[in-house]
Amino acid sequence: MFQVKICGVRHNCDVQWVSQAGGDAIGLNFFPKSVRYVDPKDESTAELCQLANEFGLLRVGVFVNRSAVQCQEVAEAVGLDVIQLHGDESVDVAQQLTASGCRVVRAIKLPLGEIGAQAINDLVSPWLDAGCHLLFDADAGAAHGGSGKTLHWQSLAAWQESDGCSDWTLAGGLKPENIAAAIRASGATSIDTASGVECPRGVKSEERVQQFCRSALAAWASQS
Ligand SMILES: O=C(O)c1ccccc1N[C@@H]1O[C@H](COP(=O)(O)O)[C@@H](O)[C@H]1O
């Protein structure tokens, strides 16, 4: 799907920084309660997508508790490649989207702390059956995402080992200071961050985006 996604971009310079740093995807947040919200009706949102497309970046729209039709309307209006379901959506919503040809990322919100492979399997299997790509995030309660909380990375490595599913994304509290350790401990080959590359909260930092991508790419290179 993607290797490095920087989520919650709001300005043209954010998109430029992701591209320059070696990221390959951006996330646009359509959850109105998020500090990273962008209005799908603003011309500037479609412009962000246009610019990302020119840079060859995958454009992912983050939605919370919207219907399949609402997600598709926004995707068409602003120009998205992928729909990320990050709320309490039913599997039906994902099925409707994948059946109509949309690429869907499903956020699986795991409790903090160690979690067994079977428990992860139970959570993910309906979404895999619906044709979704999995993204693991820490449960952020009513905020739904962007909490900066980290997962028990070794649990994901153990699940991957037992289940054999290798095409998934790690999220939750990833930042320049911990991304190399997170990659090593989890075995993730795809990562996503929002708050970890900001300073102050809600404002992307060029330096932190660069440090994050550099550390991640170096961690993968040292594994191969
Ligand atoms: O970023 C948000 O504000 C947000 C709000 C609601 C749903 C999802 C959101 N973002 C997603 O959450 C993950 C983890 O965020 P963080 O790195 O811990 O800050 C992020 O990668 C987005 O995909």
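An oxygen atom of the ligand is 3.0 Å from a polar backbone atom of glycine 146, a polar contact (N or O atoms within 3.5 Å). The model is predicted: local features need pLDDT of at least 70, side-chain atom pairs count only at pLDDT 80 or more, and totals for chains, interfaces and linings use all residues. Residues are numbered from 1 along each chain as its sequence is written, and side-chain values use heavy atoms, without hydrogens and water.

A polar atom of serine 195 lies at 2.5 Å, and one of glutamine 84 at 3.0 Å. The protein covers 99% of the 500 Å² of accessible area that the ligand has on its own (Shrake-Rupley method, 1.4 Å probe).

Helices (H or I, at least four residues) and strands (E, at least two) are DSSP runs, numbered from the N terminus.

In helix H7 (residues 179-186), Ile179, Ala182, Ile183 and Ser186 are buried (under 20% relative accessible area, 1.4 Å probe, protein chains only). Seen down the helix axis, these residues fall within an arc of 95 degrees, so they line one face of H7; the arc is that of the directions from the axis to the C-beta atoms. Their cover includes helix H6 (153-163), strand S8 (191-193) and H8. Just after H7, glycine 187 takes a positive phi of about 80 degrees.

Terms used
A polar contact is a pair of N or O atoms within 3.5 Å; within protein, one must be able to donate a hydrogen and the other to accept it, and residues adjacent in sequence count only if both atoms are side-chain atoms. Buried means under 20% relative accessible area, exposed over 50%, partly exposed in between (1.4 Å probe, protein chains only). Contact means heavy atoms within 4.5 Å.
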